[in-house]
Amino acid sequence: MAPRQKRVFILGGGAALGAHHVGAMRYLDEEGIRPDAIVASSIGIVNACAYASGGLPLLEQAWKSFWSFAHIISPSLTHNPVLGTSLFSMDRLSAAIEQHIDFPKVHASPLEIEVVILNLSRGAGEIHSTRACSDWQEVRTLSRAGYAIPLLFPPVKFRGEWYSDGGFAWNVPLERAIQLGATEIYLLAPIASQLPYKKRFSSFVDFVQRFLDVMWRTIGNMGYLYALMEDGCFHGVPVTVIEPTEQWSGFGPLAVFNAYPSKNRNLMQAGYRDAKRALAERRRTDAERTRTRAARPGGLTAVPGGRTPKSAS
């Protein structure tokens, strides 16, 4: 009996760029590619929970109407740099996000959801499963910890320890997908790994901006940029990377934290196109690998029906 196929989606963090996930997931869904498990960080956690609550229709509707700044800029008498540990309260943002999430449904979902969070009490990145939560309230707390961006929002207490957004420590954990038994991995990274070429720096400010762009690109993608990949596979498991083009590259508060309906729609359209391109490239690579193996002496010889048994010695 052939081993059961298991598709694991990795939804990387990227704040307001998370709408890119939605378009990519739409194209994959149209191709019959749906996740058996999701490993998520930061905005990926929000998307994973919304997806488990109502599928792509709910996820798309949420992003089509979402404005970020109106919910992020939330002054507070207790959550501030003087009396607290953050610039703003997260209450307003959580209320806006959670109107699109059914936490009891997420807790009962057959979809495996694993979230990356940063344990500030212990100083280490951790992965927690929604299946290991005792009830839906713990799932809600876990999700809030996942998008509690350090400095911007206060840390969240979960099981007696303090947590925040884990995307800064471990944004796209390929290793966890392997541990989950993945036979296919689809890595949806909303942060572009390619930056436009820059020949010179016009000023100190220009240099600082470039440095921030490089750091943002590196932190957001190091999980696969420095992974030991061979022929598009990680530990023998094919990995399809879907990421934005240079158009969406670089770091800046207005780009990273500012989500609004027209931008979200453009990102969803870009995600759809990028997924289409990435999947076509994956299929070309797989076909070329099959042809190469078939041409090797004593290797595989293609036969009708799509099977490729080993040739007789």
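Buried means under 20% relative accessible area. The views below come from a predicted model.

**View 1. Asp-274, a buried residue of helix α10.** Helix α10 spans residues 261–295 and contains Asp-274. Is Asp-274 buried or exposed? Its relative accessibility is 5%, so Asp-274 counts as buried. The side chain of Asp-274 makes a polar contact of 2.9 Å with the side chain of Arg-277. Beyond its neighbours within four places in sequence, Asp-274 contacts His-20, Ile-242, Glu-243, Pro-244 and Thr-245.

**View 2. The largest nonpolar core.** This core holds 65 residues. Which of them touch the most other members? They are Met-25, Leu-28, Ile-38, Leu-59, Trp-63, Phe-153 and Leu-188. Helix α2, residues 43–64, supplies the largest share of the core, with 11 residues. A second core is separate and has 18 residues, including Val-8, Leu-180, Ala-182 and Ile-185.

**View 3. Contacts of Leu-188.** Residues up to four places away in sequence are not counted here. Met-25 and Leu-28 are, like Leu-188, among the core residues that touch the most other members.

**View 4. The kink in helix α8.** Helix α8 covers residues 204–225. The kink is about 45 degrees and is centred on Ile-219. The buried residues of α8 are Asp-206, Arg-210, Asp-213, Trp-216, Thr-218, Gly-220, Asn-221 and Tyr-224. What covers them includes the helices α7 (174–179) and α9 (253–256). The strands β7 (184–188), β8 (229–230) and β10 (237–242) are also part of this cover.

Technical notes. Residues are numbered from 1 along each chain as its sequence is written. This is a predicted model: local features need pLDDT of at least 70, side-chain atom pairs count only at pLDDT 80 or more; totals for chains, interfaces and linings use all residues. Side-chain values use heavy atoms; hydrogens and water are left out. A nonpolar core is a set of buried Ala, Val, Leu, Ile, Met, Phe, Trp, Tyr and Cys residues joined through side-chain atoms within 4.5 Å. Buried means under 20% relative accessible area, exposed over 50%, partly exposed in between (1.4 Å probe, protein chains only). Helices (H or I, at least four residues) and strands (E, at least two) are DSSP runs, numbered from the N terminus. Contact means heavy atoms within 4.5 Å. The bend at a residue is the angle between axes fitted to the seven residues ending there and the seven starting there. A polar contact is a pair of N or O atoms within 3.5 Å; within protein, one must be able to donate a hydrogen and the other to accept it, and residues adjacent in sequence count only if both atoms are side-chain atoms.
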